[in-house]
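Subject: Structure handover

Hello,

Here is the structure for you to look through. My notes follow below it.

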Amino acid sequence: MAHLPVYLAATAKPRFPDPRTADAEGLLAVGGEISPVWLRAAYSAGIFPWFDERVPPLWWSPDPRAVITDSGLHVARRLGRTLRSGRFRATWNTDFAAVMRACGENRDDGTWITGEMLDGYAALHAEGGAHSVEVWCGDHLVGGAYGVHVGGVFCAESMFHRQTDASKVALVTLARRLFAAGVELLEVQFMTPHLRRLGAVEMSRRAYLARLRALRTQAVDLGAAGPVPLG
């Protein structure tokens, strides 16, 4: 049964309530802090932060969740040609902070990527728990995506584009990199038409949490920073 969001003291250890008790919108808790220890605890429990500068951290576990699997990933013919065209090149973990900053730019509804979020995820990235894929056109960063790694699950947080198709290239490149390394589930939070066209499906929160529990201790090495093949 859903209840009012729980307040979490930043000075306490990160202990979240059962994510199945989130309210109808998925809001579970308020407070805590955006630091590696809190982020690891949250994502391992199927929870993520989403808030703006006017409020303390808000922690969510929505129902349903959108996910992509290796067998479900769909690359349309035109996108496949774009990937093979040589127009773009992709890299892995070469500029995490720039990708995250770009994901917060030019949003009509404002941005949840506050300075606190940037600092917290950058620290997690430095510890090897968060990763990015960058898409370049020449020397210009034109697209990218980032997220958090939890064993056999990768939780994608956001993506951006500055040229047509660059965010699609980023997500497909990210997915292929993850699945090749042994990740079994790419979680993309909320369904959108864009994600559906790429093969995302909805999974109930209960089913997602069960899958996460089965996969979160799986050993998966996502590899070193550097170029990522396209095509």
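A contact here means heavy atoms within 4.5 Å. Leaving out residues up to four places away in sequence, Tyr121 touches Ile34, Leu39, Tyr43, Pro49, Phe96, Met100, Ala130, Tyr146, Val148 and Glu157.

Two notes on the source. This is a predicted model, in which local features need pLDDT of at least 70 and side-chain atom pairs count only at pLDDT 80 or more, while totals for chains, interfaces and linings use all residues. Residues are numbered from 1 along each chain as its sequence is written, and side-chain values use heavy atoms, with hydrogens and water left out.

**Overall build**

The chain has seven helices and twelve strands. These are DSSP runs numbered from the N terminus: helices are H or I with at least four residues, strands are E with at least two. The radius of gyration is 17 Å, close to the 17 Å that the globule rule gives for 231 residues, so the chain is as compact as a globular protein of that length. That radius is taken over C-alpha atoms, and the rule is 2.2 Å times the number of residues to the power 0.38. The C-alpha trace spans about 50 × 35 × 35 Å along its principal axes.

Of the 231 residues, 52% count as buried. Buried means under 20% relative accessible area, exposed means over 50%, and partly exposed lies in between (1.4 Å probe, protein chains only). Take the contacts with a separation of 6 or more: residues 24 or more positions apart account for 71% of them.

**The cores**

A nonpolar core is a set of buried Ala, Val, Leu, Ile, Met, Phe, Trp, Tyr and Cys residues joined through side-chain atoms within 4.5 Å. The largest one has 44 residues. Tyr43, Trp59, Tyr121, Tyr146 and Tyr208 have the most contacts inside it. Helix α3 (residues 96–103) gives the most to this core, with six residues. A second, separate core has 33 residues, including Ile68, Val133, Val169 and Ala175.

Helix α3 is mostly covered, with six of its eight residues buried. These are Phe96, Ala98, Val99, Met100, Ala102 and Cys103. The cover over them includes α4 (115–126), β7 (130–137), β8 (140–150) and β9 (153–161).

**The cavity**

How many cavities of 30 Å³ or more does a search of the whole structure find? It finds one. A cavity is a set of points, on a 1 Å grid over the protein atoms alone, where a 1.4 Å probe fits but cannot get out; lining residues have an atom within 4 Å of a point. Grid points are joined across faces, edges and corners, and the volume is the space filled by probe spheres set on the points.

The lining is made up of Tyr43, Gly46, Ile47, Phe48, Arg65, Cys155, Glu157, Glu187, Gln189 and Tyr208. Five of these are nonpolar, two polar and three charged. Ala, Val, Leu, Ile, Met, Phe, Trp, Tyr, Cys and Pro count as nonpolar, Asp, Glu, Lys and Arg as charged, and the others, Gly among them, as polar.

**Backbone points to check**

- Gln189 has a positive phi of about 65 degrees although it is not a glycine. Gln189 lies in the loop between β10 (185–187) and α6 (193–197). It is buried, at 9% relative accessible area.
- Asp165 also has a positive phi, near 80 degrees. Asp165 sits in the loop between β9 and α5. Its relative accessibility is 8%, so it counts as buried.
- The peptide bond from Asp63 to Pro64 is cis, with omega near 5 degrees. Pro64 is in the loop between β4 (58–60) and β5 (65–68).

Ala156 is in strand β9. It is buried, at 10% relative accessible area. Neighbours within four places aside, Ala156 contacts Tyr146, Gly147, Leu186, Glu187, Val188 and Gln189.

Ser167 belongs to helix α5 (residues 166–181). Its relative accessible area is 11%, which makes it buried. Residues up to four places away aside, Ser167 touches Met159, Phe160, His161 and His194.

Is Thr11 buried or exposed? Thr11 is exposed, with a relative accessible area of 80%. It is found in the loop between β1 (6–8) and β2 (27–31). The C-alpha atoms of Thr11 and Gly32 are separated by 7.5 Å, at 21 residues apart along the chain.

Best wishes

Conventions. 1 Å grid on protein atoms, 1.4 Å probe; cavity = no way out; pocket = protein on both sides within 12 Å on 5 of 7 lines; lining within 4 Å.
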